[in-house]
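Subject: Structure handover

Hello,

Here is the structure I promised to pass on. Please open it first, then read the notes below.

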Amino acid sequence: MPAELRFHTVDAGESPQESKQIEQLLTESDLGWDSRVETFVVCRKGAALVACAGIDRNVVKCVAISPAFRGTSLSLQLGGELLKVAMERGHFHLFLYTKPDNTVFFRGWGFYPLVEVRDKVALMENSPIAIRRYCSDLRALRKHGGKIGCIVMNANPFTLGHRYLADVAAESCDWLHVFIVREEASMFSYAERYELASQGLSHIKNITVHHGSEYIVSRATFPSYFLKGKCTVDQCFTAIDLLLFREHIAPALEITYRYVGTEPACPVTSRYNKDMKHWLETADSRSPSIEVVVVPRITLRGSPISASEVRRLLQNKSLQEIKEMVPETTMCQLINCFGDQRRETEMTDGDDH
Amino acid sequence: MRIITEAVAGSLESSDLLVKVSPSRDKTLEIYVTSDVIEQFGTQIRHVVDDTLKRLAVTDGLIVIEDKGALDYAIRARVQTAVLRGAACKELNWEQLS
């Protein structure tokens with residue numbers, strides 16, 4: 001029987017007919033179609049589609065096996081085929097979304113549990129030690145004692161709003177850890193964002209500016225953040241990212257407070273901030289609560305200063321208006337880049353937390 | 001020999017094993033083995049892995065193994081293949097592989 005199984009890949013949008021069959025198989029397994037999947041690895045027996053597994057860059061999801069084939073060797077073949085496809089594309093460190101009940105199954109594929117939202121969803125990765133290594137690296141940078149705060153920011157680009165939030169946080173904490181979102185999905189590159197944030201925060205003495213990682217607001221932990229405009233707010237899934245922070249990152253650095261600016265403009269970020277209170281403070285978790293401190297944004301002539309407003313002004317070539325919204329270091333960079341030529345971008349424009 | 005790039009060999013299927021190698025950050029050799037038969041054969045599997053790495057003179061790298069009940073020669077072959085791929089090794093010393 002195994003000889004009759006045929007595996008092949010289907011890119012999103014390649015075949016409406018196959019997509020329909022995949023969707024049907026997913027429905028049978030109580031899973032939804034995920035438009036972010038780039039490629040499905042599918043298995044057919046004769047004409048029947050009996051299994052599928054989707055990948056979105058380095059994130060595996062939408063894995064379904066027809067009931068009659070569960071518990072057979074098909075599953076491990078499917079896992080092997082999927083790994084092959086991912087690695088051919090240069091993705092070695094993989095994440096996987098599944099239902100909590102199925103994490104044992106995916107252990108067989110070499111995936112290990114990272115974090116779980118009870119009864120809903122679990123995130124796994126294909127390494128027994130990656131998160132442990134990451135946290136042990138963080139632990140080396142830990143500052144002991146007192147009140148330890150944290151801000152996660154995209155800083156796209158770094159504004160006076162970011163600086164104000166960090167000033168407020170640093171003032172009320174003994175030490176402040178700032179993470180810059182690492183994902184390259186913004187108007188400004190990660191290197192630029194990190195550099196401008198470091199410069200803009202260099203006046204604060206009790207601060208560490210950390211490089212972001214796949215474990216903090218990344219495509220793997222928080223896919224909706226990088227797809228604004230394409231997804232509706234209620235699809236926004238924030239629990240995984242926030243629980244990962246609470247259960248792995250915060251303990252490594254002994255963080256007990258997380259600071260965030262109010263978000264009047266962006267619905268996804270606004271939702272994230274709201275969910276933050278729930279998942280960091282009140283939700284069930286194996287780790288202690290982290291207090292969320294919401295700091296009102298500073299305003300300029302009545303309007304809140306935000307990176308998205310700066311980007312809007314950039315699109316309109318209104319460099320002069322930006323001057324009052326960003327520190328000098330950011331302004332210099334903007335003049336360098338946009339002084340005579342404007343940078344076009346179709347990429348999403350993640351704002352800040 | 002050093003692992004300088006990520007590489008894999010093998011499969012997840014029964015009686016086989018998947019070997020993943022990647023560069024070490026701190027110039028150490030780290031080995032992680034999980035196996036369906038770890039209780040019965042964990043020591044023997046680890047012995048074969050260690051011995052294979054030693055013969056290849058692997059000094060640093062991260063070696064992760066998902067074993068599905070493979071026999072010793074399969075373990076040896078998969079580890080060799082993954083290491084040679086990960087070390088981007090072009091010239092083989094066949095004596096090391098025997």
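This is a predicted model: local features need pLDDT of at least 70, side-chain atom pairs count only at pLDDT 80 or more; totals for chains, interfaces and linings use all residues.

Two strands count as paired if DSSP finds at least two bridges between them.

Confidence first. The model scores ipTM 0.89 and pTM 0.89. For chain B the mean pLDDT is 93. There, 99% of the residues reach 70 or more.

The seven-stranded sheet of chain A

Seven strands of chain A make an open sheet. Their order is β1-β2-β3-β4-β5-β7-β6, and the pairing is mixed. The edges are β1 (5-11) and β6 (112-117) of chain A. Each has a single partner strand, so one side of each is left without a neighbour in the sheet. From one strand to the next, the twist averages 25°.

β1(A) pairs with strand β2 (residues 39-45) of chain A in the antiparallel sense, over seven bridges.

Helix α1 (residues 16-28) of chain A touches β1, β2, β3 (48-56) and β4 (59-65) of chain A. The direction of α1(A) makes about 90° with that of β3(A). Helix α2 (residues 74-88) of chain A also touches β1, β2, β3 and β4 of chain A. For α2(A), the angle with β3(A) is about 35°.

The five-stranded sheet of chain A

Five strands of chain A form another open sheet, in the order β10-β9-β8-β11-β12. Here the pairing is parallel. The edge strands are β10 (207-211) and β12 (291-295) of chain A, and each pairs on one side only. The twist averages 25° from one strand to the next.

Inside the sheet, strand β8 (residues 148-153) and strand β11 (residues 257-261) of chain A pair in the parallel sense over two bridges. A:Cys150 has A:Arg258 as its bridge partner in β11(A).

Helix α8 (residues 267-282) of chain A lies across β11 and β12 of chain A. It runs at about 160° to β12(A).

Helix pairs

α8(A) also meets helix α7 (residues 239-253) of chain A. Their axes come within 9 Å and cross at roughly 45°. That makes α7(A) oblique to α8(A). The crossing is right-handed. From α7(A) come A:Ala239, A:Leu242, A:Leu243 and A:Arg246. They meet A:Asp275, A:Met276, A:Trp279 and A:Leu280 of α8(A). By class, that contact has six nonpolar, no polar and two charged residues.

Chain B has a helix pair to look at too. Helix α1 (residues 38-55) and helix α2 (residues 72-86) of chain B pack at an angle of about 40°, with their axes 9 Å apart. α1(B) and α2(B) are therefore oblique to each other. α1(B) passes α2(B) in a right-handed crossing. Residues of α1(B) in the contact include B:Ile45, B:Val48 and B:Leu53. Those of α2(B) include B:Ile75, B:Val79 and B:Val83. The contact counts seven nonpolar, two polar and two charged residues.

Where the chains meet

How many residues does the contact take from chain A and from chain B? Chain A gives 13 residues and chain B gives 12 residues. The side of chain A that touches chain B has six nonpolar, seven polar and no charged residues.

Best wishes

Key. Residues are numbered from 1 along each chain as its sequence is written. Chains are lettered from A and ligands numbered from 1 in the order in which they are written. pLDDT is the predictor's confidence in each residue, from 0 to 100. Axes are lines fitted to C-alpha atoms, for helices over the stretch in contact, and angles run from 0 to 180 degrees between N-to-C directions. Helices (H or I, at least four residues) and strands (E, at least two) are DSSP runs, numbered from the N terminus. Angles under 35 degrees count as roughly parallel, over 145 as roughly antiparallel, 65 to 115 as roughly perpendicular and the rest as oblique. A crossing is left-handed if the near helix is turned anticlockwise from the far one by less than a right angle, and right-handed if clockwise. Two residues are in contact if their C-beta atoms, placed from the backbone, lie within 7 Å. Ala, Val, Leu, Ile, Met, Phe, Trp, Tyr, Cys and Pro count as nonpolar, Asp, Glu, Lys and Arg as charged, and the others, Gly among them, as polar.
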